[in-house]
Amino acid sequence: MRKILLGTTAVVGLALLAPVANAQQARPAARPAAAPAAPPPLPATSVAPTGTAASMFQTPVGITGAGPHGSDGVPNRPTTPTTSGMIVRLGGFFDFSMANISDSADSAAAPGRQGAVNNRLGRQRNDFRTEAELNVYVDGLAANGMRYGAVMEFQMDNMGGRNDTAATGTGSNGSGTGVDLDELYGFVKGSWGELRFGQEDNVQGLMRVAPPGTLWLGTSSGWDEFVAQPQSGLGGNAPYLMTEFQDGGDATKIIYLSPQFFGFDVGFSYAPQNNEGERADVPTSNAVFQRDRTGVMNAMAGAIRYRGTFGDFGVRASFAGLKADSPQAGGANIERVNPRTQNLTMYSAGLLVAAYGFQLGGEYAWGNYSGQMAGTLNPKLDSSDHWILGLTYTLGAWQFGGQYGVANQDNGTNAAGVNFKDREQTYWGIGLQYTLAPGMVLFANYNQVKDDNILNGAAGVQGTGVNLGATATAPARDVNRFKGNGTEREIDVLMAGVRIAF
């Protein structure tokens with residue numbers, strides 16, 4: 001979006017009073033009025049005047065919530081300053097994709113529905129999908145040089161879909177194209193660093209070095225929007241374990257990001273609880289309040305990162321960690337949980353090297369987390385971990401890439417005290433993208449997940465003999481059974497589409 005600089009120049013002519021003439025003196029001829037001064041021509045590139053807020057923020061901005069503090073090469077120039085002198089910009093993207101899906105869970109028991117049997121009629125194999133974001137960036141420049149503003153990320157992300165009840169499969173329908181706010185935060189920034197406050201990823205999500213990949217390729221990416229996301233009863237926390245580090249659901253938090261010194265920078269974030277926005281109650285309930293200790297609490301995250309170049313080589317490395325208190329209450333009466341789950345911990349180390357069009361990188365993550373790295377572990381379960389490697393190569397407008405990763409999670413024991421096998425998940429994918437025009441990218445990728453030993457519930461029976469994954473009267477749970485009575489869930493997704501970023 002190109003900005004428009006409006007300039008107006010007005011010239012006020014002073015009346016020239018001629019000397020008083022006598023009867024013998026002729027009146028002098030009137031002077032011609034001075035021509036108005038022409039406004040200065042706009043530069044060919046519409047560059048804002050130096051020292052103004054417009055010039056400070058006339059930089060490429062991110063389209064994934066980074067606001068004016070990131071860069072993905074997409075031009076996004078500010079408009080005319082508002083009456084307050086602040087700059088308001090728009091950015092975002094539109095994305096269309098199609099996929100062919102093969103998932104062994106599509107022919108298994110219906111997720112969460114009673115009376116369903118294995119090998120039900122398989123789901124449809126082909127599907128289309130659209131997604132969009134509209135980002136609003138508000139930037140100001142104080143007289144002392146401090147930068148300040150706000151970022152609002154409006155997303156259309158599978159909102160308002162059908163809300164089935166577990167027993168009957170019935171519920172209310174929605175359009176699936178509702179709009180909500182993902183990132184929503186204010187910031188101040190100076191030579192001392194940057195402070196963000198509001199709904200934003202924690203510093204693990206903002207700073208960790210992750211494996212490279214092409215558009216929508218990766219362990220947690222666009223392909224999983226086509227896959228059934230079953231809850232307990234079929235697949236537990238399927239379909240994947242190797243997601244990005246938990247961002248607190250964009251919980252309202254405070255974040256500090258330091259300046260870079262000798263290639264290093266650090267960040268810290270804190271969220272008192274895992275909800276967001278101005279609500280006082282949990283979004284799924286009108287009776288449970290977000291201060292009722294039913295979710296993770298006091299999430300503190302920290303990260304240190306290095307970025308540097310050595311000749312033709314670029315290097316990025318990071319170490320990040322998160323700690324949060326486990327929920328203390330639950331149930332219909334919000335009673336104290338006994339026994340409590342383990343406190344949440346997550347750690348990751350990442351490294352990426354770039355040279356001659358190649359990027360090679362990976363990460364190793366470990367800690368006391370469950371599911372999609374957002375839940376807590378039951379007592380006596382061992383730590384979870386995963387490792388992921390990624391490689392990309394860029395040649396002109398083309399980029400090619402691939403990823404491979406393995407994750408493990410302890411499943412505990414059954415009622416007799418016999419260990420379940422650990423849940424093990426393997427992912428690999430290959431992809432490509434092509435920049436057809438500025439801001440327009442075509443992409444395609446193939447993703448495969450193999451997930452073995454998925455428990456038929458939230459967790460196995462622990463060594464204490466208490467089945468924490470079932471009700472008091474329910475039998476001890478076992479592993480899930482998929483198509484053909486197998487215990488391994490296999491997911492294959494072939495995906496292609498186009499993104500238009502602005």
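Okay, let's start with a definition: buried means under 20% relative accessible area, exposed means over 50%, and partly exposed is in between, using a 1.4 Å probe and protein chains only. Keep that in your heads.

Two housekeeping sentences. This is a predicted model, so local features need pLDDT of at least 70 and side-chain atom pairs count only at pLDDT 80 or more, while totals for chains, interfaces and linings use all residues. Residues are numbered from 1 along each chain as its sequence is written, and side-chain values use heavy atoms, with hydrogens and water left out.

Let me begin with rings. Rings of Phe, Tyr and Trp (for Trp, the six-membered ring) pair if their centres lie within 6.5 Å; planes under 30 degrees apart are stacked, over 60 edge-to-face, and the rest tilted. Searching the whole structure with that gives 12 aromatic pairs. One of them is Phe-96 with Phe-128, an edge-to-face pair at 5.4 Å centre to centre and 65° between the planes. Phe-96 is in strand β1 and Phe-128 in strand β2 (residues 126–141), so this pair ties together parts 32 residues apart in sequence. When I say strand, by the way, I mean a DSSP run of E with at least two residues, numbered from the N terminus.

Phe-128, at 57%, counts as exposed.

Next pair: Phe-319 and Trp-366. Their ring centres are 6.4 Å apart with the planes at 45°, so we call the pair tilted. Phe-319 belongs to strand β11 (residues 313–325) and Trp-366 to strand β15, so here the parts tied together are 47 residues apart in sequence. Phe-319 is partly exposed at 40% relative accessibility, and Trp-366 is partly exposed too, at 30%. These two also belong to a cluster: ring pairs link Phe-319, Tyr-347, Tyr-364 and Trp-366.

While we're on rings, there are charges sitting over some of them. The rule is NZ of Lys or CZ of Arg within 6 Å of the ring centre and within 35 degrees of the ring normal. Arg-499 lies over the face of Phe-93, 3.8 Å from the ring centre. Arg-129 does that with Trp-216, at 5.2 Å from the ring centre.

On to salt bridges, meaning a side-chain nitrogen of Lys or Arg within 4 Å of a carboxyl oxygen of Asp or Glu. That rule gives a count of 12. Take Asp-103 and Arg-489, whose closest N and O atoms are 2.6 Å apart. What does that pair link? Distant parts of the chain: Asp-103 is in strand β1 (residues 87–103) and Arg-489 in strand β20 (residues 488–501), 386 residues apart. Both Asp-103 and Arg-489 are buried.

Another bridge joins Arg-305 to Asp-265, with 2.7 Å between the closest N and O atoms. Since Arg-305 lies in strand β10 (residues 297–310) and Asp-265 in strand β9 (residues 264–273), the pair ties together parts 40 residues apart in sequence. Buried or exposed? Arg-305 counts as buried because its relative accessibility is 15%, and Asp-265 is buried at 6%.

Then there's Asp-325 with Lys-323, where the closest N and O atoms are 3.8 Å apart. Asp-325 is partly exposed at 21%, and Lys-323 is partly exposed at 37%. There's a network as well: salt bridges with shared partners join Glu-194, Arg-196 and Glu-200.

Last topic, strand pairing. Two strands pair if DSSP finds at least two bridges between them. Strand β15 (residues 358–367) runs antiparallel to strand β16 (residues 384–395), with 10 bridges joining them. Within that, Glu-363 stands opposite Ile-388 in β16. On to β16 and strand β17 (residues 398–409), which pair antiparallel over 11 bridges. There, Asp-385 has Asn-408 in β17 as its bridge partner. β16 and β17 form a hairpin with two residues between them, and Gly-396 in the turn has a positive phi of about 65°.

Ala-437 is partly exposed, with a relative accessible area of 29%. Its C-alpha is 9.2 Å from that of Ala-397, which is 40 residues away along the chain.

That's my tour.

Terms used: Helix = DSSP H or I, 4+ residues; strand = E, 2+ residues; numbered from the N terminus.
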